[in-house]
Amino acid sequence: MRFVHSREVAEDIVAEVFAVFIQNRTFEQITYSYRAYLYKSVRHRAYNYLKWNLNRTAPLEGINMQAVTSAYNPFETLHFNELYAHVEQVVEQLPAQCRRAYVLKRVEGKSLEEIATELEITSKSVEALITRALSRLRSKLKNHCFM
């Protein structure tokens, strides 16, 4: 759904990939992870779907160019989604209290004092936890190609 932004289309793509996977007995030829193979297959099928839909559009003469430049680029959306998944993965690896403080501050938008009362610690401790979480995020994402 991250690639095609439609639940129905995403379900169709996944169903097609699984059908081909079973019908062609591809599972017998795979020497690595089925999960990785299926994920990659679905991703490529979604790219092909997007490419096919872009080729079906109207001629360029009838398009308002200002609207096109303000629209999201599919590759930017893809990069954002992959970065978002990577950030989620790093946050899941944080220690429990550090993760909780980070989520309360950055996702739920609570103040340091509110977080401190909820976690029953001082606001300085909350600040230290959030700083530690951000430091870990920066270090894990510094070599990421999107940063």
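So, helix α6 and helix α7 sit roughly perpendicular to each other, where roughly perpendicular means an angle of 65 to 115 degrees. Here the angle is about 100 degrees, and the axes are 8 Å apart. Those axes are lines fitted to C-alpha atoms over the stretch in contact, with angles running from 0 to 180 degrees between N-to-C directions.

Quick word on what you're looking at: this is a predicted model, where local features need pLDDT of at least 70, side-chain atom pairs count only at pLDDT 80 or more, and totals for chains, interfaces and linings use all residues. Residues are numbered from 1 along each chain as its sequence is written, and side-chain values use heavy atoms, leaving out hydrogens and water.

Back to the helices. α6 covers residues 112-119 and α7 covers 123-141. On the α6 side, Leu112, Ile115 and Ala116 make the contact, and they meet Ser123, Val126, Glu127 and Ile130 of α7; contact means heavy atoms within 4.5 Å.

Helix α7 also packs with α5, residues 96-107. Their axes come within 8 Å and cross at roughly 95 degrees, so α5 is roughly perpendicular to α7 as well. Among the α5 residues involved are Tyr102 and Arg106, while Leu134 and Leu137 are among those from α7.

Last stop, Arg43, in helix α2 (residues 34-55).

Methods: Helix = DSSP H or I, 4+ residues; strand = E, 2+ residues; numbered from the N terminus. Parallel < 35°, antiparallel > 145°, perpendicular 65-115°, else oblique.
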